[in-house]
Amino acid sequence: MRRAAAAALLACAALLLPSAPASAAVPGPVGWAATGLGTTGGAGGRTWTVHNRAELKEALANDGDPTAPKVIRVAGTIDGHQADDGSSLGEQDYAPGYDLTQYMSCFGADGTTWSDTRHDYCKRQRQLRQTGSNNEKAQIQLTVPSNTTLVGTGAGASLLGVFLTVNTGTDIIVRNLRLEAPVDHFTSWSPDDGTSGNWNARFDAMTVITGTHIWIDHCVFTDGRFPDREAPTGFHGEPVQRHDGLLDIEDGSDFITVSDSRFEDHDKALLIGSGDSRGDRDRGHLKVTFARNLFTGITQRAPRVRFGQVHVVNNVYRGRADDTLYALGAGVESAVFSERNVFAYPHGTPALAVADYGATAFHDTGSWFNGRPAHLDAVARGLGLADDVGWDPADVYDHRALTSARAVERYVLRHAGTGRSHDRP
C-alpha cells in the first residue's frame with residue numbers, strides 16, 4: 001500500500017510547479033524527496049490534533065508505537081518552554097543561580113581565557129551553565145519519528161522555542177508551521193573559535209540527523225520575537241549569539257526537499273553537512289532540493305553545503321548588502337547546482353551570492369542579481385571553482401523551473417510560507 005501511494009505521489013511530482021488548486025489535495029513533493037519510493041509521511045495512519053507541548057509529545061509517541069503512520073495536526077501555538085502543568089519555564093527554572101554576566105567575567109575582560117579561580121563563583125557558573133543547557137534541551141527537544149506528517153491547521157500554527165529534531169527517521173513531512181528558533185539561555189563562549197572568539201548556541205529550530213525522505217513545505221523559519229540585535233551585549237561590544245541554525249541537515253541525511261518556505265531575520269540559516277572531516281558519514285549523501293523559498297534578512301548559509309548534491313532552484317533572496325556575508329556557501333566536496341534564483345541586495349554585487357569554503361566546483365544556470373543576469377559561473381571561476389559539479393538535476397528527476405526573474409518573484413512572494421495556496425501564478 002505504501003509503495004503504491006509513494007509511486008502515485010512521485011508521478012504527480014514531475015513538475016517543480018504544483019498544479020493542484022488550493023481546494024484540491026496537496027500535491028506531492030518535488031526534487032529529491034520525490035525520488036525512489038517518494039515521501040508520504042503518515043498518510044493513512046491515525047490522526048491527532050494537538051494544542052500544547054504535552055499533547056504534541058504524546059502524539060509523537062503515538063501510544064507506544066511512534067513509527068506507525070500518523071498525522072499530527074497542530075492547532076494554534078505550541079510553546080517549547082511550557083511545562084506539563086501549563087507554567088512557563090525560563091533560565092532560572094533550568095539552572096537557579098546562573099548569571100550570564102558572572103559567566104562572562106570568568107573569561108577576563110578581554111574574553112580570552114577561562115579560569116575557575118578568577119572569581120569565587122566561576123566554577124559554580126561553569127557547572128550551572130552545563131546543567132542548565134542539558135535541562136533546557138530535555139525540555140524543548142521534540143523528536144519526530146518515522147512515518148509522520150506534522151502539519152499546522154491554518155496560518156497561525158506555530159512552534160515557539162521548540163528544538164524539533166529528526167534522528168534516523170524516514171518518511172516525514174513537516175508542513176504549514178511557523179518555527180521560531182529557540183533561545184539558548186546557556187550559550188557558550190569559545191575564545192579560540194575564529195580570530196576573536198565566538199558564541200556557540202546549541203539549538204536549531206529544526207535539525208535533521210541521519211534522516212531520509214523528508215519534505216519540509218510551506219513553513220516559516222525565523223528568530224521571531226528574539227532577534228540577535230536585541231540580545232545582551234557580549235565580548236567586543238557584540239550581541240551574545242543565542243541562536244544556532246534555522247535548519248541543519250547532517251550525518252548522512254538524504255532525499256530531502258525544502259519547498260515554498262520562508263527563512264527570515266537570522267544569521268546562520270541552513271547548514272548541510274556535519275563538518276569538513278565528516279566525509280565518512282556524509283560523502284555520497286546529503287541530496288537536498290531547495291525550491292521556491294524566500295530568504296529575507298539572512299546573513300549567511302542559505303545554504304552552506306558540504307559533500308551534498310544540492311539543487312537550489314527558483315528561490316528569492318532579499319536583504320541589505322551591508323548585512324549579508326553570502327547566500328550560497330560551497331564547501332568541501334559539495335556539488336551545488338543553482339538554477340534561476342533571484343538575488344536582490346541593493347548596492348551589492350553578485351559576489352554576495354556565492355562563497356567558497358573549500359569547494360572545487362559550483363554551477364549556476366540563469367540566475368539574476370538586482371534585476372540583471374548574475375553570471376554566477378563567472379563569479380565562481382573568479383574564486384577558482386570549476387563549472388562542472390558532476391551531476392544535473394534533470395538526469396535525476398523531472399522538473400520545470402520558472403524562467404524569468406519577475407515570474408520567480410511573483411510566485412515565491414505569493415506562495416511561500418504558512419497558509420499559502422498551491423495554485424499556479
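A: Happy to. A residue counts as buried when its relative accessible area is under 20%, as exposed over 50%, and as partly exposed in between, using a 1.4 Å probe and protein chains only. One caution before we start: this is a predicted model, in which local features need pLDDT of at least 70 and side-chain atom pairs count only at pLDDT 80 or more, while totals for chains, interfaces and linings use all residues. Residues are numbered from 1 along each chain as its sequence is written, and side-chain values use heavy atoms, with hydrogens and water left out.

Now to the rings. The structure holds 21 aromatic pairs, a pair being two rings of Phe, Tyr or Trp (its six-membered ring) with centres within 6.5 Å; planes under 30 degrees apart are stacked, over 60 edge-to-face, and the rest tilted. Trp-189 and Phe-235 make a tilted pair, with 4.7 Å from centre to centre and 40° between the planes. This pair bridges distant parts of the chain, 46 residues apart: Trp-189 belongs to strand E10 (residues 188-190), and Phe-235 to the loop between strand E14 (220-222) and strand E15 (247-250). Helices (H or I, at least four residues) and strands (E, at least two) are DSSP runs, numbered from the N terminus. Why does Trp-189 count as buried? Because its relative accessibility is 6%.

A second pair, Phe-263 with Phe-295, is stacked, at 5.1 Å centre to centre and 10° between the planes. Here too distant parts of the chain are linked: Phe-263 is in strand E17 (residues 262-268) and Phe-295 in strand E20 (residues 294-300), 32 residues apart. Both Phe-263 and Phe-295 are buried.

Trp-189 and Phe-235 also belong to one aromatic cluster, whose other members are Tyr-98, Tyr-103, Phe-107, Trp-114, Phe-186 and Trp-199.

His-213, in strand E13 (residues 212-217), counts as buried because its relative accessibility is 15%. Leaving aside residues up to four places away in sequence, His-213 touches a list of residues including Leu-37, Ile-172, Asp-254 and Phe-255, where contact means heavy atoms within 4.5 Å. Ile-173 sits in strand E8 (residues 170-175) and is buried because its relative accessible area is 7%. With that same exclusion of residues up to four places away, the contacts of Ile-173 include Thr-39, Leu-150 and an aromatic residue, Trp-215. Ile-173 and Ile-256 are 83 residues apart in sequence, with C-alpha atoms 9.9 Å apart.

By contrast, Ser-277 is placed in the loop between strand E18 (270-272) and helix H6 (279-282), and it is exposed because its relative accessible area is 65%.

Stepping back, the protein has 8 helices and 30 strands. Its radius of gyration is 21 Å, close to the 22 Å that the globule rule gives for 425 residues, so it is as compact as a globular protein of that length; the radius is taken over C-alpha atoms, and the rule is 2.2 Å times the number of residues to the power 0.38. Of those 425 residues, 55% count as buried. Among contacts between residues at least 6 apart in sequence, 74% join residues at least 24 apart.
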